[in-house]
Amino acid sequence: MSKQQPGRKPAHLKPANGVTTGRDSIWLAIRKLVRFTTMDIENETRQPLSTIRTYVQGLERAGYLKKAGEKQTGTLPQQHRATIWELINDIGIETPRVTKDGKAVTQGRKRENMWRAIKILNDFDAIDLIVHASTESDPVSLSTAKEYIKFLHKAGYLVLRQKSQPGNKPGTGKKARYRFLPSKNTGPLPPMIQRVKHLYDPNLGEVVWSPAPEEGGDA
Amino acid sequence: MESINTVAPLKNVALCARALQRAMDRPHHLPGIVAFYGPSGIGKSMAAAYTANKHRAYYVEAKSSWTRKAFLVAVLTEMGIEPAKTISDMVDQVAEQLVKSNRPMIVDEMDHIVQKSAPELIRDIYDASGATILIIGEERLENKLRRWERFHNRVLEWVQGQYGDIEDTRLLSQLYAPDTQFAPDMLDHLRRQSDGIVSRICINIEKVRQEALATGWESVDLATWGNRPLYTGTAPIREAV
């Protein structure tokens, strides 16, 4: 899979914005160490060992890692043999999303497609967004698109360019049009609406919009 | 009627998606840059969005103000990578991520940066990665790139976008006005009045949809529509009173 050109020194790929937690930090450590034990990753990342083990297991089953040997660790009487893992499929900066069983996680593709489509469209209404974001495997519904637009607008990622104007019958009238602000292109990961109705931008590692207290948490 | 969910069957989307697919599947000895070009308004952004989403491509839209550095920073932002300090290190970063991720790169509005040694930069990225790269631009893109011989040599295919036909018009009506039925003569009228330009076809579909809802039509043929005006891209002529 990985086909590094011969004689090329690997470039240093560091995540933008420098925020790495959870699995992102584990993947980063794996790429840095290449051959490692779960304890090595724990030392690098300070993530809980259980989190590291679960992820490593998923990565092995998905073919990213293989067992490359064992080594003695600890001191008697707690001495035990630790597995040495080796990275065999380095896909670059993006943290592989796998289940414990090694299945690829595709959840979130619709949101990713909407985020990509918004950046391509720049100026759009909700119908434009579903038309440009839908693929056969991930069709985006109008309600999903409208909800996503609503939150990006609240967070200041989109500006309202033309207010919706009701017509004299349902379905007539003008649809609201929005423009994406280039300064809000924070990175490849789509901002996500959290269950608590916050908008979280994983590129920044920040909640970028939350309801004001007087809105009563909203629903 | 079967509901249509994606733009995939549109002629230009299919042309562009197939070209990118062929480049991704190419044998090793063939070059990996493909170009999709055509006049404005024929739905290049639809084609770009669909192919980008299908392959999770790294997409950037070129701006005429871009320097080489700005170009590379934009690509690295799209990849989520902290840009290195020098141009040459940034090229390495982009190339490495393309190789490792096995994802293609799309450079839209390529015309904007043809004058600015961008073709050399993209060629550097291509030579360092062997990645599949799709460039998108206006009608004269092929012509403009001829003077960049070493870039031109690395183009596997030049795919020219087409004007929308009646089948495209029908698909667009299903996407943008799923609740209104358009008779074949109405679709043909729409296409002609819009000169086959997809963006105009969309505007006119919306006009017809609004009128249909306002007057309670479930389906529209040319006789129903009569001589109501459609958007033709030219300024309206003042009617004599």
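Reply: In what follows, a residue is called buried when its relative accessible area is under 20%, exposed when that area is over 50%, and partly exposed in between, with a 1.4 Å probe and only the protein chains taken into account. The model is predicted, so to speak of a local feature requires pLDDT of at least 70 and to count a side-chain atom pair requires pLDDT 80 or more, whereas totals for chains, interfaces and linings use all residues. Residues are numbered from 1 along each chain as its sequence is written, chains are lettered from A and ligands numbered from 1 in the order in which they are written, and side-chain values rest on heavy atoms, with hydrogens and water left out.

The interface is built from 47 residues of chain A and 40 residues of chain B, contact meaning heavy atoms within 4.5 Å. About 3900 Å² is buried between chain A and chain B, and carbon and sulfur atoms give 48% of this area; buried area is here the accessible area (1.4 Å probe) that two parts lose on being put together, summed over both. Between the two chains there are 20 residue pairs in polar contact, both residues being at pLDDT 80 or more. A polar contact is a pair of N or O atoms within 3.5 Å, of which, within protein, one must be able to donate a hydrogen and the other to accept it, while residues adjacent in sequence count only if both atoms are side-chain atoms. On the side of chain A that touches chain B, the elements giving two or more residues are helix H4 (109-121) and helix H5 (126-133) of chain A, with H4(A) providing the largest share, seven residues. Sorted by class, this side of chain A comprises 16 nonpolar, 16 polar and 15 charged residues. Nonpolar covers Ala, Val, Leu, Ile, Met, Phe, Trp, Tyr, Cys and Pro, charged covers Asp, Glu, Lys and Arg, and the others, Gly among them, are polar; helices (H or I, at least four residues) and strands (E, at least two) are DSSP runs numbered from the N terminus.

Turning to the charged pairs, the structure holds 37 salt bridges over all chains, and eight salt bridges are found across the interface of chain A and chain B, the rule being a side-chain nitrogen of Lys or Arg within 4 Å of a carboxyl oxygen of Asp or Glu. One of them joins Arg103(B) to Glu94(A), with an N to O distance of 2.8 Å.

Another salt bridge is made by the side chains of Lys54(B) and Glu136(A), at 3.2 Å from N to O. Lys54(B) belongs to helix H2 (residues 44-55) of chain B, while Glu136(A) sits in the loop between H5 and helix H6 (142-154) of chain A, so this pair joins two chains. Lys54(B) is partly exposed at a relative accessible area of 40%, and Glu136(A) is likewise partly exposed, at 43%.

A further salt bridge links Lys175(A) with Glu206(B), whose closest N and O atoms are 3.4 Å apart. This pair crosses between chains, from Lys175(A) in the loop between strand E7 (173-174) and strand E8 (177-180) of chain A to Glu206(B) in helix H11 (residues 198-215) of chain B. Lys175(A) is partly exposed, with a relative accessible area of 26%, and Glu206(B) also counts as partly exposed, at 22% relative accessibility.

In chain B, Arg170(B) and Glu167(B) meet in a salt bridge of 2.7 Å, N to O; being three residues apart in helix H9 (residues 166-176), the two are separated by about one helical turn. Arg170(B) is partly exposed at 31% relative accessibility, as is Glu167(B) at 38%. In chain A, a network of salt bridges links Asp123(A), Asp125(A), Asp128(A), Arg161(A), Arg177(A) and Arg179(A). Asp195(B), in the loop between helix H10 (184-193) and H11 of chain B, is partly exposed at 47% relative accessibility, and its side chain makes a polar contact of 3.2 Å with that of Arg200(B). The side chain of Arg154(B), a residue of the loop between helix H8 (149-152) and strand E5 (155-160) of chain B, is in polar contact with the side chain of Asp127(B) at 2.8 Å.
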